[in-house]
Amino acid sequence: MKSYLPLLILPAIALVFTLTEAQSKIQVKATQNMVKSANGLLSLLTTEQKAKALFAFTDAERTNWHFVPRDDRKGVQLKEMDAQQKAAALALLKTGLSQKGYTKATTIMAMENVLKAIEKGTGPVRDTERYFVSFFGTPPFAASKPWGWRFEGHHFALNVTLVGGKVAASPNFYGTNPAEIRVDDGGMKGTRALKDEEEAARALLTALTPEQQKIAIYDVAAPNDIFTGDKKKVAALEAKGIAYKELTKEQKKRLDALIGVHTGNMASDLASARTAKLKKAGKDGILFAWAGETEIGKRHYYRIQGPTFLVEYDNTQNNANHIHSVWRDFDGDFGEDLIAEHLASEKH
């Protein structure tokens with residue numbers, strides 16, 4: 001029996017989510033799509049490219065994720081691929097994202113040219129093709145064995161783990177600098193890649209009564225960045241904000257819509273499973289918390305925290321024109337809960 005215990009330290013009490021039969025079928029479909037796309041891309045890579053892209057499932061690199069510009073990223077980058085290989089890499093990315101999520105990701109990638117123009121060579125390397133694909137496991141990949149893949153570069157990261165026909169897709173990070181493009185460069189002036197993430201939160205905040213806002217706004221000063229950063233493992237942050245159960249029916253709809261913006265970045269089948277998981281854990285205890293100013297264009301931060309997940313969003317850097325947004329699963333990042341479930345089933 002193959003052991004994956006060296007991969008991670010499992011929590012003393014694992015929160016294992018059992019999918020319904022219908023949801024399991026959806027997850028199997030997602031797995032099949034990813035298996036097909038991943039094996040398709042691998043078949044197109046050269047021996048040298050495969051050597052860069054492939055890692056063991058237990059390799060520490062699998063959890064070595066980042067969203068900042070860096071020179072030591074692992075994997076094979078789009079810049080090293082020919083047209084057919086690039087198309088296959090983007091096809092793999094599409095299996096994990098909705099059309100909206102994919103559009104956000106590719107817009108973020110295109111914004112590297114905007115930063116290049118703004119910085120005039122004074123910043124880090126900016127390149128729309130400096131995004132890397134990595135695989136974790138032994139090919140050919142199949143639904144029957146654990147494996148994973150990652151698509152990552154500046155301001156975008158999608159970490160995917162597949163175990164036994166089920167899929168985990170976090171940490172998932174989106175960032176955009178500028179949050180709103182205010183220069184007429186490359187026809188992108190006015191672009192707001194993460195517009196929905198901000199506007200849905202403001203719609204909820206403005207729907208709260210003054211008394212509720214006093215509960216939701218826990219600090220008049222926004223933090224300089226998301227608290228969880230690029231940590232490999234996260235725990236619940238301090239319980240701040242207003243709880244779902246304390247909202248009116250209309251306010252609950254707005255919080256549901258905000259959560260839906262974040263789940264809606266994923267492919268529909270993965271989004272459905274993610275939504276089902278948070279519902280199973282209980283929505284009443286989900287907290288919405290805001291820090292910073294409420295005026296548009298000023299520094300602000302919010303988070304949505306439930307029993308099983310955390311969403312963090314901030315727009316504080318570069319005079320509040322630089323967004324970071326991330327989805328984390330406390331026991332499910334990098335498929336931790338799926339691996340625990342898999343290990344338990346192997347023992348039996």
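Predicted model: local features only at pLDDT ≥ 70, side-chain atom pairs only at ≥ 80, totals over all residues.

Q: How are two packed helices described, and where do the axes of H5 and H7 come within reach of each other?

A: In general, two packed helices are described by the angle between their axes and the distance between the axes. Here the axes of helix H5, residues 195–207, and helix H7, residues 249–263, come within 9 Å and cross at roughly 165°. Because angles over 145 degrees count as roughly antiparallel, H5 is roughly antiparallel to H7. The crossing of H5 and H7 is left-handed.

Q: Which residues of H5 and H7 meet?

A: On the H5 side they are Asp196, Glu197, Ala200, Ala201, Ala203, Leu204, Thr206 and Ala207, and on the H7 side they are Gln251, Arg254, Leu255, Leu258, Val261 and His262.

Q: Turning to a single side chain, is Glu152 buried or exposed, and what does its side chain reach?

A: Glu152 is found in strand S4, which covers residues 147–153. Its relative accessibility is 3%, and since buried means under 20%, Glu152 counts as buried. The side chain of Glu152 reaches the backbone nitrogen of His66 at 3.1 Å. If residues up to four places away in sequence are not counted, Glu152 touches Trp65, His66, Arg73, Arg130, Tyr131, Phe132 and Ala157.

Q: Where does Ser98 lie, and which backbone atoms lie by its side chain?

A: Ser98 lies in the loop between helix H3, residues 83–96, and helix H4, residues 99–119, and at 15% relative accessibility it counts as buried. A polar atom of the Ser98 side chain lies 3.0 Å from the backbone nitrogen of Gly101, and a polar atom of that side chain lies 2.6 Å from the backbone oxygen of Gly264. Not counting residues up to four places away in sequence, Ser98 touches Gly264, Asn265, Met266 and Ala267.

Q: What should I look for in the backbone itself?

A: The general idea is that most residues other than glycine have a negative phi, and most peptide bonds are trans. With that in mind, one can turn to the places in this model that depart from the pattern. The peptide bond from Pro139 to Pro140 is cis, with omega near 0°, and Pro140 is found in the loop between strand S3, residues 131–136, and strand S4. The peptide bond from Ser170 to Pro171 is also cis, with omega near 5°, and Pro171 is found in the loop between strand S6, residues 166–168, and strand S7, residues 172–176.

Q: Where do Asn319 and Phe334 lie, and what is the phi of each?

A: Asn319, which is not a glycine, has a positive phi of about 55°, and this residue lies in helix H9, residues 317–320. Phe334 has a phi near 55°, again a positive value in a residue other than glycine, but Phe334 lies in the loop between strand S13, residues 323–329, and helix H10, residues 336–347.

Q: How many residues separate Lys233 and Phe330 in sequence, and how far apart are they in space?

A: Lys233 and Phe330 are 97 residues apart in sequence, while their C-alpha atoms are 7.4 Å apart in space. Lys233 has its place in the loop between strand S8, residues 217–219, and strand S9, residues 242–243, and at 43% relative accessibility it counts as partly exposed. Its side chain reaches the backbone oxygen of Phe330 at 2.6 Å, and a polar contact of 3.2 Å joins the side chains of Lys233 and Glu336. Leaving aside neighbours within four places in sequence, Lys233 is in contact with Arg328, Phe330, Asp331 and Glu336.

Q: What are the corresponding separations, in sequence and in space, for Thr106 and Glu341?

A: Thr106 and Glu341 are 235 residues apart in sequence and 34 Å apart in space, C-alpha to C-alpha. Thr106 has its place in helix H4, and with a relative accessible area of 26% this residue is partly exposed.

Terms used: Residues numbered from 1 in each chain as written. Heavy atoms only, no water. Axes fitted to C-alpha atoms, helices over the stretch in contact; angles between N-to-C directions. Helix = DSSP H or I, 4+ residues; strand = E, 2+ residues; numbered from the N terminus. Parallel < 35°, antiparallel > 145°, perpendicular 65-115°, else oblique. Left-handed = near helix turned anticlockwise from the far one by under 90°. Contact = heavy atoms within 4.5 Å. Buried < 20%, exposed > 50% of the residue type's maximum accessible area, 1.4 Å probe, protein only. Polar contact = N/O pair within 3.5 Å; in protein donor to acceptor, adjacent residues only side chain to side chain.
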